[in-house]
Amino acid sequence: MKKLELIAPCHFGLEAVLKNEIYDLGYDIASVEDGRVTFFGDEEAVCRANIFLRTPERILIKVGSFHAETYDELFEGTKALPWEDYIPADGKFWVTKAASIKSRLFSPSDIQSIMKKAMVERMKQVYHRNWFAEDGESYPVRVTLMKDEVTVGLDTSGVSLHKRGYRRLTAKAPIAENLAAAIIDLSPWNADRILVDPFCGSGTIPIEAAMKAANMAPGMNRDFLADTWSNLIDARLWKDSFDEARDLVDGSVRPDIQGYDISDEMVVIARENARLAGVDKLIHFQTRPVSQLSHSKKYGFIITNPPYGERLEDKASIEPLYRTIGERYRALDSWSMFLISSYENTERDLGMKATRNRKIYNGMMKTYLYQYMGEKPPKRQSDPGMNR
């Protein structure tokens with residue numbers, strides 16, 4: 001198989017989580033930069049990365065990189081890339097997104113237009129055509145300019161990877177599925193421990209936890225743009241990767257995962273989303289305000305995405321809400337809490353300084369993951385008879 005360099009963009013602040021995921025999937029890391037991890041793989045890695053990775057936004061095949069400070073340099077650098085290795089003569093190709101950070105070239109529309117022209121010129125020379133019908137499969141290109149270094153990638157995912165396919169209905173401000181999965185990964189929670197989300201909304205955090213507990217690959221029930229690229233990836237590789245995902249599902253797991261919301265409507269939506277994800281039997285959803293949060297067992301986890309008070313109508317209620325969260329958390333015995341919020345007075349109103357906080361960009365919004373670590377449960381004693 002052909003050795004490829006693959007780029008996995010992610011939320012800023014989650015690069016280390018994604019890096020560990022890629023290692024666990026069996027691939028070597030090329031580089032870790034702000035908002036993306038680059039790794040080495042082959043055609044099969046494209047399939048497996050799309051299906052199995054929980055935290056990236058998408059998977060790109062790196063076409064190349066070069067330095068450009070002028071539009072002439074951008075044109076020539078793009079034209080020099082081996083587009084014919086990736087895009088067939090009938091392929092539909094365009095620059096779907098251009099991002100520029102601290103670079104002299106900063107107009108996305110100009111970057112997109114010039115790169116498209118350069119791609120056409122290259123392919124004219126290679127395919128000996130003056131015009132392209134572009135009536136075949138789609139090959140969207142994404143480009144990032146960082147300090148005048150241009151990185152060009154071919155998007156294999158299509159629809160963003162955070163869209164697993166189960167969330168047909170949502171809350172007003174839902175947390176993205178890949179961000180929810182990353183928060184769970186940043187905690188020491190496992191399927192043997194209780195997990196409660198008292199602001200479950202459309203159910204994303206409990207659903208992502210249940211999928212992780214059952215070892216369900218996040219992309220096993222959706223399709224990807226590159227599964228139509230017969231010129232690059234054999235269809236058998238996609239089939240084998242989907243088969244691998246199905247074979248790895250653990251149908252015997254029975255975690256204690258609970259999702260609460262004050263809205264009856266949201267609880268109905270969360271249950272339906274869990275059903276579509278195939279994990280409805282692994283989660284207990286209930287209409288319950290955070291003021292009634294309690295649990296008799298020890299060593300559980302709260303993992304949640306409460307309101308941030310961003311909307312004007314929510315500002316008056318946000319301070320007492322966070323005070324209530326803090327009160328109910330302190331009433332739990334030996335529990336841990338992982339709470340993500342952009343609310344600037346989170347620690348003050350919770351009444352507790354976090355064990356640790358981590359800055360994460362939720363899109364363009366700066367948020368913090370506040371981590372409150374409770375006591376660890378005692379290690380289980382092994383049966384002495386087992387050692388005889």
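Which residue in β14 stands opposite Met 337? Tyr 372 does. The model is predicted: local features need pLDDT of at least 70, side-chain atom pairs count only at pLDDT 80 or more, and totals for chains, interfaces and linings use all residues. Residues are numbered from 1 along each chain as its sequence is written, and side-chain values use heavy atoms, with hydrogens and water left out.

**Sheet**
- Seven strands form an open sheet with mixed pairing, in the order β10-β9-β8-β11-β12-β14-β13.
- Strands are DSSP runs of E with at least two residues, helices are runs of H or I with at least four, and both are numbered from the N terminus; two strands pair if DSSP finds at least two bridges between them.
- β10 (283–287) and β13 (356–362) each have a single partner strand, so one side of each lacks a neighbour in the sheet.
- From one strand to the next, the twist averages 20 degrees.
- Five bridges join β12 (residues 336–341) to β14 (residues 365–372) in the antiparallel sense.

**Helices on the sheet**
- Helix α6 (residues 204–213) packs on the sheet and touches β8 (195–197), β9 (257–261), β10 and β11 (301–304), where contact means heavy atoms within 4.5 Å.
- The direction of α6 makes about 170 degrees with that of β9; axes are lines fitted to C-alpha atoms, for helices over the stretch in contact, and angles run from 0 to 180 degrees between N-to-C directions.
- Helix α8 (residues 264–277) lies across β9 and β10, at about 165 degrees to β10.

**Helix α4**
- Buried residues (under 20% relative accessible area, 1.4 Å probe, protein chains only) of α4 include Ile 111, Met 115 and Arg 122.
- Their cover includes α3 (71–79), β5 (92–101), β6 (138–146) and β7 (149–155).

Note on methods: Buried means under 20% relative accessible area, exposed over 50%, partly exposed in between (1.4 Å probe, protein chains only).
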